[in-house]
Amino acid sequence: MTGSATQGIKTVLHPVSDLAQAKAVYAALLGVEPQTDGPHYVGFEAAGQHIGLLPGGGPQGLTTSLAYWHVPDIEAKLAEVTAAGATVKDPAHDVGGGRLVATLIDPDGNLLGLVQDR
């Protein structure tokens, strides 16, 4: 492999049906209160990871958790992973603050998330 390495999984999003209940469970699990606490998104920072709760699966329509691999060059990593057999679901796009995200589907239908912070 001559491609770029990842920086590991640092972001995981979870679809939830009851945001208040999920927030209590994750606060107890992580031992911290959320850093972002709104009606459409609750986010925790714990041990170098970001854990996000999306009521109803959020705008992504998630039905299962989604792990995001952090990478230094999202376009290069998209090219590498698609060349290996994955399919782009959502191309790289800015979600604010210079953060780029993309979603791929592996050959078995699993979702893979990529994040690049600028």
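**Salt bridges**

I started with Arg 99, which forms a salt bridge with Asp 117, the closest N and O atoms being 2.7 Å apart. (I count a salt bridge when a side-chain nitrogen of Lys or Arg is within 4 Å of a carboxyl oxygen of Asp or Glu.) This pair ties together distant parts of the chain, with Arg 99 in strand S7 (residues 99–105) and Asp 117 in strand S8, 18 residues apart. Helices (H or I, at least four residues) and strands (E, at least two) are DSSP runs, numbered from the N terminus. Arg 99 is partly exposed at 26% relative accessible area, and Asp 117 is partly exposed at 46%. My cut-offs: buried is under 20% relative accessible area, exposed is over 50%, partly exposed is in between (1.4 Å probe, protein chains only).

A note on the source: this is a predicted model, where local features need pLDDT of at least 70 and side-chain atom pairs count only at pLDDT 80 or more, while totals for chains, interfaces and linings use all residues. Residues are numbered from 1 along each chain as its sequence is written, and side-chain values use heavy atoms, with hydrogens and water left out.

I then searched the whole structure and got four salt bridges. One of them joins Lys 23 to Asp 37, with the closest N and O atoms 3.0 Å apart. Again the partners come from distant parts of the chain: Lys 23 sits in helix H1 and Asp 37 in strand S2 (residues 36–37), 14 residues apart.

Glu 80 and Lys 77 also meet in a salt bridge, at 3.5 Å, N to O. They are three residues apart in helix H2 (residues 74–83), so about one helical turn separates them. Lys 77 counts as buried at 9% relative accessibility, whereas Glu 80 is partly exposed at 25%.

**Core**

Next I looked up the largest nonpolar core, which has ten residues, including Val 12, Leu 19, Tyr 26, Phe 44 and Leu 53. (A core here is a set of buried Ala, Val, Leu, Ile, Met, Phe, Trp, Tyr and Cys residues joined through side-chain atoms within 4.5 Å.) H1 gives the largest share, four residues. A second, separate core has eight residues, among them Ala 86, Leu 100, Leu 104 and Leu 114.
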